[in-house]
Structures are given as C-alpha cells and as structure tokens.
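Try each one yourself before you read the solution.

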Amino acid sequence: MAQRETWATRTGFILAAVGSAVGLGNIWRFPFVAGEGGGAAFLVMYLLFVGLIGFPAILVEFVVGRRTERNPVGALMQLGGNTWKYIGGVFIVTGFVILSYYSVVAGWFIRYFLEGLRSSYASQLAGFESAAAEAGAPVAAVMFGELSTGIDAFVFHTLFMAVTIGVVALGIRRGIELATKLMVPAIVLLLVGMAVWAFTLSGSSAGYEYYLSPEFGVILDNWTSLLPAAAGQAFFTLSLGMGVMITYASYLGEDRNLTKDALTIIGFDTGIAFLTGLVVFPIFFAAGITEPGEGGPGAIFVSMTEAFATLSGGRILGILFFGTVAIAALSSAISLLEVVTAYLIDEKGVERWKASLGMGGVIYLLGVPVTFDLIFLDLLDLFADGILLVFGALVLMILVGWIAPQFAVEELSKGIGDLGSLGQAWIWAVRVPIIIVLLVSLSLGVMDYV
Ligand code: PFF
Ligand code: NA
C-alpha cells in the first residue's frame, strides 16, 4: 500500500483545521440558533462551552488521530478493540448526514452571490413584489422561499458538492492544504473589511448594543433547551464529534505542541464568529432591521437581502458577504468529506479519487430531498447536531477518559514535555464534567427530537 499522506507544513495543518472550523456554523447557524436562544445570553453560554469543553475535547480528537494515524473507524478500533469500529461508524454516518444538508445551504450562498453579480439586490427584490403582494408576505422572505428550494437549489447543491469532491480528490497537500491556504486568509481579510465598512454605516451603533448586551434572565428561564443548543453549537462550530479533527491530526506525521495548535484554531473560530456578528448586526440595524434572527434557516438571507437592497454600496457588500460565506462553507465541507474518504482509503484500500467521488456522490444524493423541501433540513440538522454529534463526542470521551487514558496523556506530552498535573487535570475534565454535560445534552436532545 502507498505511504499515507501527511501535511506539508505545520501552518498547512492549522489553516486546514481553521478552515474546517470556520464555516456556516459561525455565520449561518450561529445567528439563528442564538436568535432562538436570547441573543447575547446564548453567546455567553456558548463561549463557556467552547472554553471549558471544546478545548479539552479538541485535544482528545488530536491525540487520537495523531497516535493512530487513522480515520475515526480505524482509530477507535486500534485504541478500543474490534467492537469500537461500529462506534467509530457513527462518525461516518454523522459526516453523511451533516454534509448532505450543509451543501444545500452552501448552495444558497453561491446563488445569492451570483445574483448580486447579475443585478442589485433591490432590483431582485422588485422582481418578487407581485408574488409577495399575492402571498401577503415580506418580499425578501418570498424571494428566499423561491430560491431555497426547487431546481435552482438543486443545481447549486450539485455545483457545491462537485467542487468539494474535486478538492478532496486532489489529496491532502495538493487539494486540502493548498485550497485552505488560499481560502482562510481570504475569509479573514474579507470579514475584517466588511466589519470596518459596517462600522461606517449610519445607524449601525444600535447593532452593537443589540449584539453585545446579554439578557441573563433568558438563560435561567430556558436552560433546558439552551444547554443542548449551546453545547451542540460549541461542538458543531469546532468541527468536533464528527471525526474531522481526528482525521486531520492523523496526517500530522510529526510530534509538535498540540495544545498550541488547538488554542490557535479555537481562537480563530471564536474570533471569526464574533467578527461575523460585528458585520451582520450593524448592517441589520443600519438598514432599519431591528428584529434580526427571528429564527429559521432563512433568517440571515431574508434580513441580509433586505439590508443589501437598502444600503448604499449594498450590492458590493452583498457580493462580498455571500461570496465569503460560500468560501467558508467550502473549506468546512472538504474536511467532512475527507473523514469519510479517509475511511474508505484506510480501511478498504480504495483509491483516493474513487473514494471521494463515491462517498461524495452518495452524500450528494442524500442532500437532494432537502433541495425540494426544507422540512428535511430541520430534521437532519436537529438529528445530527442534537444527537449524532453529541453521541460521537461522548463515546470518544469515554474511550479516552476511561478506557485508554495512559496513551492520551503520553501522546499529548509529545512536543511539550512533562505535563505534570495538567495532564491529569485534562483527563479528569474529560472523565467527569465533560461526560456529564454530554450525557445531559444527549438526553435533552433526544427528548427534544421525539
Ligand atoms: N465547524 C463547521 C462550521 O462551523 O460550519 C462545522 C462543519 C459542518 C464542518 C459541516 C464541516 C462540515 F461539512
Ligand atoms: Na465554526
């Protein structure tokens, strides 16, 4: 068998992981999950989860990947024994489910980007005015309804998956590493530019206030739904519980300080989520939209097109915004396709291009129903994020915390030196508090689902 691939550089690994973490989770999912959870109140809870749970958990995935140099199925089997391969299979299923609808949503962003190139957002909205009058609904909502399902959505889902498959088929260095090296700096620059622009818009200051002042009462009143939502979002945003960080760390091939890398990656993801808020909320308020994120997957499209139609310079701003999100989605999607591709390569000896095309093709088909009815989107998202992700993370924590902790501490110390009591503190964080939060989230998530 051919030698297993590795990253060319340390920066390459970090940028690929940042590219995976930064995605629709930060830009599309976060505002509407937060909207349902009391705005900034949700933000506070989510930040706590990212620090206290996300950080130890990303290290768990890193050590598992680096030690085994395998995809999640092979990795779990190697560490836990044969029965664990079925549990590792959960990660593959999660990859299938999440990527199938993620691609459809990413397709919407490509669509809105291209529409902006064609004509101003104001004139597009004008095109839906009569339909909106007939339906008695807001124009931007009608436009979203038209564009988000049906043949157009299908076409853009197809396009997005094709590009994703193409990048993964090219391999770790020539595909993923090269692509993310270009995409991640572009995302950061574009968002910073847009945040500055948003700051200069008149009326934007109310947006900062809305975004940055939490209502703590909301947390206390709704913790049973907020807890699983915030934990789920913390895992989702860091690409945890889906095997991505296991797989990416499996290509490291050398021992370096994983803690540092983890902090860099978390810093980027959190920074970019926060930065997106500094773009989105000022733009909303500058355009006179004072009730942003009433919820639902269409919220950001509806509010953003309204804003881009209203603001001077809105067309350029809109093209940049939708384009940036599409890029961010692509750098995430390739990571998830890499998980299932690596599984076929490692375990079944399939060639890379065949594996990515085959797996990508099946995932693509699974996403097709979503392009025709958004009901599937809600179902899949709730199931994947509320149950599958948490379950995957939970079994991984049990394996590393309780069944094979020695290897984990030893592996983490490589490139760092003796961890002393910090290593034990990490294992105990994994063993008790993290497992409890995941168990509670999982039960609440299941109750929510049924
Ligand atoms: N961390 C990603 C995000 O926040 O968007 C989550 C993700 C979803 C990664 C789907 C990959 C993927 F295909
Ligand atoms: Na993210």
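Predicted model: local features only at pLDDT ≥ 70, side-chain atom pairs only at ≥ 80, totals over all residues.

**Exercise 1.** Work out which residues and helices surround ligand 1.

Solution. Start by counting: 16 residues surround the ligand, and among the closest are Gly 23, Ser 239 and Leu 336. Next, look at where the shell comes from. The elements giving two or more residues are H1 (10-21), H2 (24-36), H5 (84-118), H13 (223-237) and H17 (314-348). H17 gives the most, with 4 residues. Finally, sort the shell around ligand 1 by class: you get 8 nonpolar, 8 polar and no charged residues.

**Exercise 2.** Compare the reach of H17 with the span expected at 1.5 Å a residue, then do that for H5.

Solution. Take H17: its 35 residues reach 50 Å from first C-alpha to last, close to the expected 51 Å. Now H5, which has 35 residues and reaches 52 Å, again close to the 51 Å expected. Then check burial, where a residue needs 20 or more other C-beta atoms within 10 Å of its own. In H17, 28 of the 35 residues are buried, so this helix is largely enclosed by the rest of the structure. In H5, 26 of the 35 are buried, so H5 is largely enclosed too.

**Exercise 3.** Follow the chain past the end of H17 and describe how H17 and H18 cross.

Solution. As for H18 (residues 352-372), its axis and that of H17 come within 9 Å and cross at roughly 125 degrees. The two helices are therefore oblique to each other.

Notes: Residues numbered from 1 in each chain as written. Chains lettered and ligands numbered in written order. Near = placed C-beta within 6 Å. Nonpolar A, V, L, I, M, F, W, Y, C, P; charged D, E, K, R; others polar. Expected span 1.5 Å × (residues − 1). Buried ≥ 20, exposed ≤ 12 C-beta atoms within 10 Å, placed from the backbone. Axes fitted to C-alpha atoms, helices over the stretch in contact; angles between N-to-C directions. Parallel < 35°, antiparallel > 145°, perpendicular 65-115°, else oblique.
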